Amino acid sequence: MPNRKGKFRLLFFVNIALTLLAIYISLTNGAFDMTVLDVIRTLLRIDPVAEYDLVIFDFRLPRIVIAALVGFGLGVAGTVIQGITRNGLADPGILGINAGAGAAIVAFMFFFGGQFMDASWYSIMAMPLFGLTGGLLAAGLIYLFAWRNGALDPQRLILVGIAIGSGLGAVALYLSLKMNPNDFEMAAVWLTGSIWSANWTHIAGMLPWLVILIPVLMRKVHILDLLQLSEESVKNLGVPVEKERNILLLSSIGIVSACVSVSGGIGFVGLMAPHIAKRLTGIQHRYVLPLSGTIGMLMVVAADFIAKTVFTPIELPVGIVISIIGVPYFFYLLSRRKK
């Protein structure tokens, strides 16, 4: 146990160090290159230069902060969803939660149009709520069809989630096609997973959800461990299975909805991060959950830097960059399960 705890701490701090390195590279490199001294002087307000202030505080830093928060949130939510379903192929995207939150936010963009672009407090604070509504709708439909013999069937949950996700994805596409050209272009980029329009107001809109819900999940890590046992065994231990599963699922939906509201449908982070964390530190969720969050954070920060620099002057949505890695990894996991 001490060795495992020491290994977890080492891995956790290595991930943090790699993330800080990715943040440093992202801050100093791009269309407007800066030295590390320029960045430090700007952050510490030593002889500030207007151009550096604009690049760091208006463009690069909000984007990096959102990438880190979204990556951490999706990594944690993916771990919880895999734990609830006892299925290593589950993640918020495959279960249809991303699609539900995305469809609700596209509906918000469709009905309120240009208000999305204004980045007003009303629209920024309303979007996670719309996302939560869509995520809860998707979860409600999944529960309705996956409920069997008085309990939630984890395997049926995956199949129903894929079907619900496809249907809600079609709804989002239909609504986006009905938008005016400017809003459609924005919605199309956003649906593929993009944080190009990041600003401090977006961060303020999503941060309370993570601050409240991630500690809730951290307090439930022992329940996630118990849920890996059979249903009867867990009930015999006196655990109210359905109640705990509902708390875990609703908290995960809230986190995913907040992430989708600012970044669109970034997939595969919630699939890959938990698998990598389990391979590195074992299956105990008190170690897997925070490590998965830091791995997700590193993935999204690094992928966002690649998306905005590799194909300059064209910028790829970060969701596409992650999918380039995620799709082969998903097939790799499928082939392993087959064997």
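View 1. E244 counts as buried, at 9% relative accessibility (buried means under 20% relative accessible area, exposed over 50%, and partly exposed in between, with a 1.4 Å probe and protein chains only). This is a predicted model, in which local features need pLDDT of at least 70 and side-chain atom pairs count only at pLDDT 80 or more, while totals for chains, interfaces and linings use all residues. Residues are numbered from 1 along each chain as its sequence is written, and side-chain values use heavy atoms, leaving out hydrogens and water. K220 forms a salt bridge with E244, their closest N and O atoms being 2.9 Å apart (a salt bridge is a side-chain nitrogen of Lys or Arg within 4 Å of a carboxyl oxygen of Asp or Glu). K220 lies in the loop between helix 9 and helix 10 and E244 in helix 12, so the pair ties together parts 24 residues apart in sequence. Helices are DSSP runs of H or I with at least four residues, numbered from the N terminus. K220 is buried too, at 18% relative accessibility.

View 2. D304 sits in helix 14 and R63 in helix 3, 241 residues apart. D304 has 2% relative accessibility and counts as buried; R63, at 8%, is buried as well. R63, D304 and E315 are linked in a network of salt bridges.

**View 3. The second largest pocket.** Among the residues nearest the centre of this pocket are R63 and E315. A pocket is an open set of points on a 1 Å grid over the protein atoms alone, where a 1.4 Å probe fits, with protein on both sides within 12 Å along at least five of seven lines; lining residues have an atom within 4 Å of a point. The second largest pocket is lined by 19 residues, and helix 3 gives the most, with 5 residues.

**View 4. The largest pocket.** Lined by 21 residues, this pocket has G93, N98, A99, L191 and G265 nearest its centre. Helix 4, helix 7, helix 8 and helix 15 each give two or more residues to the lining.

**View 5. A pair within helix 12.** R245 forms a salt bridge with E242, with 3.5 Å between the closest N and O atoms. Both lie in helix 12, 3 residues apart, about one turn of the helix. R245 and E242 are both buried.
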